[in-house]
Amino acid sequence: MRISTASILAVASTAAATSAFTPTHLSGNALVSRSTSVKSRSISISTLTSSSALSSTTNPISSDPAIQELYKRKPRPEYIPGHIPDPDYVRIFDTTLRDGEQSPGATLTSSEKLEIARNLAKLGVDVIEAGFPIASPDDFIAVKQIADIVGNEVFEDGYVPVIAGLSRANEKDIARAWDAVKGAVRPRIHTFIATSDIHMKSKLNKTPDQVVEIAVNAVTFAKSLGCNDIEFSPEDAGRSDPEFLYRVLEEVIKAGATTLNIPDTTGWNMPWEFGELIKKLRENVPGAENVVFSTHCQNDLGLATANSLAGALNGARQLECTINGIGERAGNASLEEVVMSLALKGNEQFQGGPGTGKLYTAINPVYITPTSKMVAEYTGMKCQPHKAIVGANAFQHESGIHQDGMIKDKSTYEIMTPESIGLMRGESQSGAGIVLGKHSGRNAVGTRLRELGYDLDIDKLNAVFARFKEVAEKKKGGLDDDDLESLVSDQAGSMNELWRVTGLQATTGMSGIPTAT
């Protein structure tokens with residue numbers, strides 16, 4: 001598995017300017033316009049992801065200061081359980097290694113989990129939910145290894161991720177989770193119990209009073225172990241009675257919970273519905289000002305990212321998500337979608353909650369692509385081509401109208417640069433993600449031919465383009481550079497025909513001598 005790193009070199013001439021999230025019309029950074037192209041080269045993804053260097057500026061590609069700027073960690077407030085000093089800061093809680101691994105067929109080994117955790121630390125996630133320690137001996141070992149290693153690798157800027165372990169609301173689970181994560185600099189226990197009527201009656205066979213008691217006892221026990229960072233989740237909160245949520249959340253706050261995670265466990269809520277739930281909880285739960293509200297949104301209706309952002313709009317300051325959106329059933333909120341939405345729109349579309357409404361994270365998005373590729377490879381769960389941000393088609397263009405716009409100004413059809421998420425496109429595909437297929441126009445074909453060194457007059461170009469259309473109608477996946485050069489050669493040959501094939505016969509099989517005449 002390889003990724004192109006060519007155009008990273010192009011930033012050498014751009015002093016440490018603003019981040020490369022958006023095209024030139026939204027940012028003055030020269031890197032963003034991507035007008036510079038250089039010879040491409042490839043390196044193994046492991047080169048980008050396996051380094052354990054903990055410098056906040058060092059990257060494995062170059063020591064050039066301008067390039068280092070892309071890899072420098074973003075500033076973040078001091079980490080305090082239950083409190084975020086800057087009300088505009090949004091913590092990113094990654095649960096790829098726990099909920100993500102619960103995707104059918106997505107089993108990960110302990111070593112693979114460790115590699116992914118290290119990449120998540122490079123990405124800069126605030127919390128890594130490393131697993132469910134009670135689930136199996138291997139899961140316990142994996143979580144403990146991540147806590148002991150990644151949870152102790154402190155970067156130069158003081159950053160070290162919180163390592164969380166999930167547990168049900170019983171002492172055995174909680175003790176096992178604590179044993180797994182307590183070696184980290186910042187350990188967290190995440191415990192949960194269902195609060196919806198259907199779950200309490202059909203699954204737990206418990207009364208609301210019993211559920212409150214179990215929740216309080218769970219948080220109390222976690223605190224008694226010496227854990228001062230305790231997250232509580234009322235499972236299926238999206239279908240729970242808000243009045244009951246007020247009650248149970250008030251009690252777990254009194255018992256010592258520092259983060260209240262509100263899950264839309266079945267992906268049932270609409271964004272406005274889920275946002276209103278977060279708002280009501282913040283307004284009606286006594287002690288709400290002393291905890292951080294979090295979201296955990298499933299994607300059963302395709303609304304996980306939208307619901308997470310609606311939560312942020314209404315005051316949630318921790319968003320739980322996974323790389324590539326993997327997870328149970330239809331998956332979770334996608335980390336790359338949540339993070340880039342906040343990077344692009346967080347400064348202007350989130351007024352109304354606490355703070356100024358200019359929301360931000362400390363994620364370093366240049367590591368999104370290598371982390372996405374690593375997760376896809378290790379889990380065996382490839383992204384669909386049209387997946388937002390990280391799909392193979394996310395920065396590719398086949399329509400002739402779109403290609404013409406991209407060649408003239410890339411911001412016509414791209415709202416962020418591929419380089420900003422670590423996809424170094426370089427000069428391939430005309431440096432603009434141009435896929436030459438049956439929808440491509442003459443400008444795109446002519447531009448690529450000129451880049452390949454062919455200066456054709458208008459008649460020859462028209463002839464090549466006509467032949468291109470014929471071939472593109474039949475060939476799936478578009479035409480590459482070799483195909484284009486063959487078309488040019490074919491067209492030249494048609495004007496000065498020296499010979500032609502009039503017949504061909506070939507014989508082959510499992511036995512005997514193959515012949516051709």
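How many salt bridges does the structure hold? In this predicted model, the count is 22.

The barrel is closed by eight strands, which follow one another in the order β3-β4-β5-β6-β7-β8-β9-β10, with parallel pairing. On average, and with direction ignored, neighbouring strands of this sheet are turned by 25° against each other. One of the pairings joins strand β6, which covers residues 187-194, to strand β7, which covers residues 230-235; six bridges connect them in the parallel sense. Within this part of the sheet, Thr191 has Phe232 of β7 standing opposite. Helix α12 (residues 335-345) packs on the sheet, where the helix touches both β3 (91-94) and β10 (318-321). The direction of α12 makes about 170° with that of β3.

Thr95 is found in the loop between β3 and α4 (110-123). Is Thr95 buried or exposed? Its relative accessible area is 0%, so Thr95 is buried. Beyond the neighbours within four places in sequence, the contacts of Thr95 are with Gly100, Glu129, His296, Cys321 and Thr322. Glu129, one of these contacts, is also part of a network of salt bridges together with Arg98 and Asp99.

Turning to individual salt bridges, Lys144 and Asp148 form one in which the closest N and O atoms are 2.8 Å apart. Both residues belong to helix α5 (residues 137-149), and because they are four residues apart there, about one helical turn separates them. Lys144 counts as partly exposed, with a relative accessibility of 32%. Asp148 is likewise partly exposed, at 32% relative accessibility.

The side chains of Glu235 and Lys203 meet in a salt bridge, with an N to O distance of 2.8 Å. Here distant parts of the chain are linked, since Glu235 sits in strand β7 while Lys203 sits in helix α7 (residues 197-204), 32 residues apart. What is the relative accessibility of Glu235? The value is 17%, and Glu235 therefore counts as buried. Lys203, by contrast, is partly exposed, with a relative accessible area of 47%.

The side chains of Glu337 and Lys387 meet at 2.8 Å, N to O. Because Glu337 lies in helix α12 and Lys387 in the loop between α13 (368-379) and α14 (400-408), this pair ties together parts that are 50 residues apart in sequence. Both Glu337 and Lys387 are buried.

Which residues make a nonpolar surface patch of about 450 Å²? The patch is made by Trp499, Val501 and Leu504. Trp499 is located in the loop between α17 (481-495) and β11 (506-507).

Definitions and conventions. Residues numbered from 1 in each chain as written. Predicted model: local features only at pLDDT ≥ 70, side-chain atom pairs only at ≥ 80, totals over all residues. Heavy atoms only, no water. Pairing = 2+ DSSP bridges. Helix = DSSP H or I, 4+ residues; strand = E, 2+ residues; numbered from the N terminus. Axes fitted to C-alpha atoms, helices over the stretch in contact; angles between N-to-C directions. Contact = heavy atoms within 4.5 Å. Patch = residues over 30% accessible without salt bridge, like charges linked within 9 Å, V, L, I, M, F, W, Y side chains within 5 Å. Areas by Shrake-Rupley, 256 points an atom, 1.4 Å probe, with all protein chains shown as cover. Salt bridge = Lys/Arg side-chain N within 4 Å of Asp/Glu carboxyl O. Buried < 20%, exposed > 50% of the residue type's maximum accessible area, 1.4 Å probe, protein only.
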